[in-house]
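Please keep the sequence and the structure in view while reading.

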Amino acid sequence: MIAIPYLTALSTYFSYGLLFLFGQIRDFFRKLIDWSSANNLHGYAPLCLGLEDFYTRRLYLRIQDCFGRPIASAPDAWFDVVERFSKDNNKTLNRTSNTTKCLNLGSYNYLGFAASDEYCTPRVIESLKKYSPSTCSSRVDGGTTTLHVELEKCVADFVGKPAAIVFGMGYVTNSAILPVLMGKGSLIISDSLNHSSIINGARGSGATVRVFQHNTPAHLEEVLKEQIADGQPRTGRPWKKIMVIVEGIYSMEGELCKLPEIIAICKKYKAYTYLDEAHSIGAVGKSGRGVCELLGVDPADVDVMMGTFTKSFGSCGGYIAGSKELIQYLKYTCPAHLYATSISPPAGEQIMSAIKVILGEDGTSRGAQKLARIRENSNFFRSELQKMGFEVLGDNDSPVMPIMLYNPAKIPAFSRECLRQNVAVVTVAFPATPLLLARARICISASHSREDLLKALEVISRVGDLVGIKYFPAEPSKQLPDSDSKKCD
């Protein structure tokens with residue numbers, strides 16, 4: 001749990017209270033104006049209802065220039081951000097032909113494969129010539145190429161499972177798989193901070209869903225005990241099957257899953273384990289094999305391993321790895337395999353080439369160097385932010401590090417000022433996070449040099465002082481010297 005400072009929580013509540021009050025007053029007068037004017041949709045129910053619509057109109061639209069910023073280059077350590085302007089108080093944004101070169105602290109380019117690579121890129125271009133950009137078919141029709149078969153074997157070997165199946169979209173991997181594996185009479189126990197793709201997949205499965213406190217094995221055991229004792233709702237019959245779903249690295253918290261303890265509990269109560277490694281596969285572990293390798297867990301103890309190729313591998317899509325029987329069953333029943341277009345062949349080649357670089361099968365040590373650099377960069381950056389007085393979430397070795405903002409006014413202030421100083425950051429607010437827990441999410445890459453990180457720290461420290469988000473006293477002896485800052489400009 002995040003302990004919000006008392007005064008910060010009070011000011012945040014006060015800010016949202018003012019926004020809500022004046023927004024409701026403006027909505028009241030707008031309704032009077034609409035009622036007195038002609039309405040072509042008289043009698044129709046509004047398409048958008050509720051506080052979410054109010055939040056979008058009265059808060060999000062005012063700061064939407066901080067989100068969805070278009071870029072005009074590869075998402076490398078530095079990229080070109082397209083400049084935009086608005087003539088109607090941010091209701092609509094217009095792009096210009098100008099771009100600004102910014103330090104990229106927002107992309108999931110953990111190992112630097114999103115930019116041109118000396119090993120991957122030539123092979124991707126060759127696969128484009130051989131297979132075309134798309135198969136224009138689902139896997140069960142004409143969408144399975146020899147490349148797809150090779151890719152699935154490559155992924156299975158990499159994560160340490162007998163078999164794997166790949167999909168063209170990472171989000172769909174969770175939302176389409178869970179309804180196939182679980183159904184009525186089944187029980188899903190989900191971490192309270194799991195990704196929305198897991199939440200939607202669990203809801204769509206028809207299974208009973210229970211939640212345990214984030215990354216708290218003791219509470220997971222309590223929930224398991226209670227649910228096994230009570231059985232299915234109304235009938236009290238035993239559950240057909242129970243599945244516990246966790247993430248390797250939680251994308252909004254930067255925390256590593258307490259996987260060994262959770263697996264021990266699942267074994268004790270005969271529950272299946274479903275591990276989402278979207279942000280951890282390729283990014284952590286001595287050879288990039290994710291949290292299982294990092295935490296010393298045997299992949300055989302994880303029943304269903306899920307991951308995406310959109311982060312460390314610089315591609316798109318996702319995978320499920322498990323037993324041969326599980327993967328065969330999914331190929332017969334999963335709608336994402338039966339009906340969706342198969343993953344693009346060039347994207348598949350990018351994944352395989354990246355894995356070969358990570359494992360050193362390209363004949364170089366670049367993969368090991370990338371893994372060492374992402375770990376060093378992440379731990380250095382996190383440590384320096386904490387020394388400056390920022391409240392930073394997450395664990396060591398995680399390339400995801402949220403900086404807490406809390407107050408709604410500080411969301412656009414931090415984002416705009418960083419961009420003005422040529423540092424592009426991602427700010428996250430409701431509904432992606434709880435209303436009071438707005439944050440800036442920093443993502444570190446192996447492509448960042450030490451000079452890049454020092455430049456980013458200098459800017460973030462300066463903006464943090466300006467905006468007022470240093471909630472802890474800084475360590476004077478650990479502050480970045482001015483001479484180093486000048487060298488980075």
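Seven residue pairs are in polar contact between domain 1 and domain 2, counting pairs with both residues at pLDDT 80 or more. On the side of domain 1 that touches domain 2, the elements that give two or more residues are α13 (366-388), β10 (400-404) and β13 (439-443). Of these, α13 gives the most, with four residues. By type, the residues on this side of domain 1 divide into nine nonpolar, four polar and five charged.

The rule also finds one salt bridge across the interface of domain 1 and domain 2. Arg439 and Glu253 form a salt bridge through their side chains, at 3.2 Å from N to O.

The model is predicted. The domain assignment gives domain 1 as 48-104 + 368-467, and domain 2 as 119-359. In the contact, 18 residues come from domain 1 and 17 residues from domain 2.

The C-alpha centres of domain 1 and domain 2 are 28 Å apart. Between them the two domains bury about 1,300 Å², and 59% of this area is on carbon and sulfur atoms.

## Overall form

The protein has 16 helices and 13 strands. Along the principal axes, its C-alpha atoms fill a box of roughly 60 × 60 × 50 Å.

Does the radius of gyration agree or disagree with that of a compact globule? A compact globule of 489 residues would have a radius of gyration near 23 Å, and the protein has 24 Å, so the value agrees.

## Salt bridges in the whole structure

How many salt bridges does a search of the whole structure find? The search finds 17.

In the pair Arg57 and Asp53, the closest N and O atoms are 3.1 Å apart.

The side chains of Arg416 and Asp65 meet at 2.8 Å, N to O, in another salt bridge.

Notes
Residues are numbered from 1 along each chain as its sequence is written. This is a predicted model: local features need pLDDT of at least 70, side-chain atom pairs count only at pLDDT 80 or more; totals for chains, interfaces and linings use all residues. Side-chain values use heavy atoms; hydrogens and water are left out. Domain bounds come from an automatic or database domain assignment. Contact means heavy atoms within 4.5 Å. Buried area is the accessible area (1.4 Å probe) that two parts lose on being put together, summed over both. A salt bridge is a side-chain nitrogen of Lys or Arg within 4 Å of a carboxyl oxygen of Asp or Glu. A polar contact is a pair of N or O atoms within 3.5 Å; within protein, one must be able to donate a hydrogen and the other to accept it, and residues adjacent in sequence count only if both atoms are side-chain atoms. Ala, Val, Leu, Ile, Met, Phe, Trp, Tyr, Cys and Pro count as nonpolar, Asp, Glu, Lys and Arg as charged, and the others, Gly among them, as polar. The radius of gyration is taken over C-alpha atoms; the globule rule is 2.2 Å times the number of residues to the power 0.38.
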